[in-house]
Amino acid sequence: MRLTFALCLLLLVSSVFAEDRPNVVLIMADDQNWNDSGAYGNPDVKTPNIDRLASEGMRFTHCFTATAMCAPTRQQLYTGVFPIRNGAYPNHSKVKPGTKSIVHHFRKLGYRVGLSGKKHFGPEDSFPFENLTTRGDLNLPKIREFIKRDDGQPFVLVVTSHSPHLPWKEGDASQYDAEKLAVPPYLVDLPETRDALTEYYAEITDFDREVGEVMQAVDRNDHRDDTIFIYTSEQGAQFPHGKWTCYDNGLRTALVIRWPGHVEAGAVSAAMVQYVDILPTLLEAAGADPTSIDTGRPGAPDGGTGFDGRSFLPVLLGGETSHREYVYGAHTTRGIIAGTWIYPIRSVRSRNFQLIWNPNHAEKFQNVLTTTGGKSYYWTAWKEAAANGNRKAEKLVRIYQERPEYEFYDLRSDPYELNNLANDPAHAEMIQKLKQELADWIEQQGDKVIATEDAAKPHRTQQKPE
Ligand SMILES: [Ca+2]
């Protein structure tokens, strides 16, 4: 009798405890512009599943990664620590030994933690996910099995697609009529650009199908209500002013979070949040105190070993409407394909303004996008148009490759950052304020800027090309 009572009590306690520990499913695109979905206002691209998720959860309009490249973006998301402090700041890089991740922190809370899809992290000790990947691809049967597995344990599942990363070959580009597309202002309206957009949008629509498949696996296995379901777009696409830059279009990312009964359906938040804030938020949602967690790295904002990020759970639950006053960016060009040898970029953004610092601005900025005959074939067409008197093409090609030391943009009037106001005396005070904010962040991160860029090589997992 006493044993039965004890057992009942145990079951009751564990069920209450399980209720307190939601599952987490995070699905991430690869190089999708933050606003290239229906939910984020793109008038052409078809994303019915992302749109439905946004109608069921909270859509963040001001979420940012600190780096517009795959490996640093993912590792800051998984560690809650900015790239230079965690060590994974060049592309194809790994964190410093001993750095802990989402896997360690959630396992400590009793979770199983799996990943299916693109990895781009290292060393394995820092990211010991249960591997649901086959040859680097999403494995939907394994994803379904992981979600279905009934072992009384809550779970974290990270699903990382390869779409819409170049080459743009997934999906059906013929569903988009190139001539009818709206070409955004940061692109040159040429037939080659329109063709590229049809292929890019087809990959986004195919990624959206993957979002739908994973949502369905969660919902059909009765996990809709006990799961925090997240979609994020990673970073800017492989267009100028996107990936490999610190422009808004490079660093800004879509973030939609559904958590029935906790997060208001169809809510929109303009709070400024960064990727490093997401892990502390999820840990707090799971009942942990994120301010007491050891990331394995020294140099936190308070001088300890904690996160760079802070939980925005109060925003998610609807009690708060703001989070950060500033968001930061750091780009390392060294080591990327066809990249300039040394070209660090640092940035800071408030709600209305962005300051970008190019310490080695005398060099020409280049990467695979600017190579002639490369995968970004539209770039060759832009250069030809520039040489033939197309003034917009001339400007966009020039400002992408030839940059001043400082750039300053008023995002209210210039959301695509095409009009540099760094020398406008009307903004001198704000520029000075942002320079100071950026200098403080650089110091906290232990960032030596040019020397840090020069020391990129040992941080890389892939030593070619260089
Ligand atoms: Ca990427």
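## Two helices in contact

How are α2 and α7 oriented to each other? In this predicted model, the axes of helix α2 (residues 48-56) and helix α7 (residues 191-220) come within 7 Å and cross at roughly 50°, and α2 and α7 are therefore oblique to each other.

On the side of α2, the contact is made by Pro48, Asn49, Ile50, Arg52, Leu53 and Glu56, which meet Phe207, Asp208, Arg209, Val211, Gly212, Met215 and Asp219 of α7.

## The eight-strand sheet

Eight strands form an open sheet with mixed pairing, and their order is β4-β3-β5-β1-β6-β7-β2-β8. Its edge strands, β4 (130-131) and β8 (267-274), each pair on one side only. Strand β2 (residues 58-64) pairs with β8 in the parallel sense over six bridges, and methionine 58 has alanine 267 in β8 as its bridge partner.

Both helices described above also meet strands of this sheet. Helix α2 packs on the sheet and touches β2, β6 (227-232) and β7 (252-258), with a direction that makes about 60° with that of β7. Helix α7, for its part, lies across β1 (23-28), β5 (155-160), β6 and β7, and runs at about 170° to β1.

Strand β11 (residues 353-357) pairs with β12 over five bridges in the antiparallel sense, and isoleucine 356 stands opposite glutamate 407 in β12.

## The chain as a whole

The chain has 14 helices and 12 strands. Its radius of gyration is 22 Å, close to the 23 Å that the globule rule gives for 466 residues, so the chain is as compact as a globular protein of that length. The C-alpha trace spans about 90 × 50 × 45 Å along its principal axes.

Of the 466 residues in the chain, 59% are buried. Among contacts between residues at least 6 apart in sequence, 72% join residues that are at least 24 apart.

Definitions and conventions. Residues numbered from 1 in each chain as written. Predicted model: local features only at pLDDT ≥ 70, side-chain atom pairs only at ≥ 80, totals over all residues. Heavy atoms only, no water. Axes fitted to C-alpha atoms, helices over the stretch in contact; angles between N-to-C directions. Helix = DSSP H or I, 4+ residues; strand = E, 2+ residues; numbered from the N terminus. Parallel < 35°, antiparallel > 145°, perpendicular 65-115°, else oblique. Contact = heavy atoms within 4.5 Å. Pairing = 2+ DSSP bridges. Rg over C-alpha atoms; globule rule 2.2 N^0.38 Å. Buried < 20%, exposed > 50% of the residue type's maximum accessible area, 1.4 Å probe, protein only.
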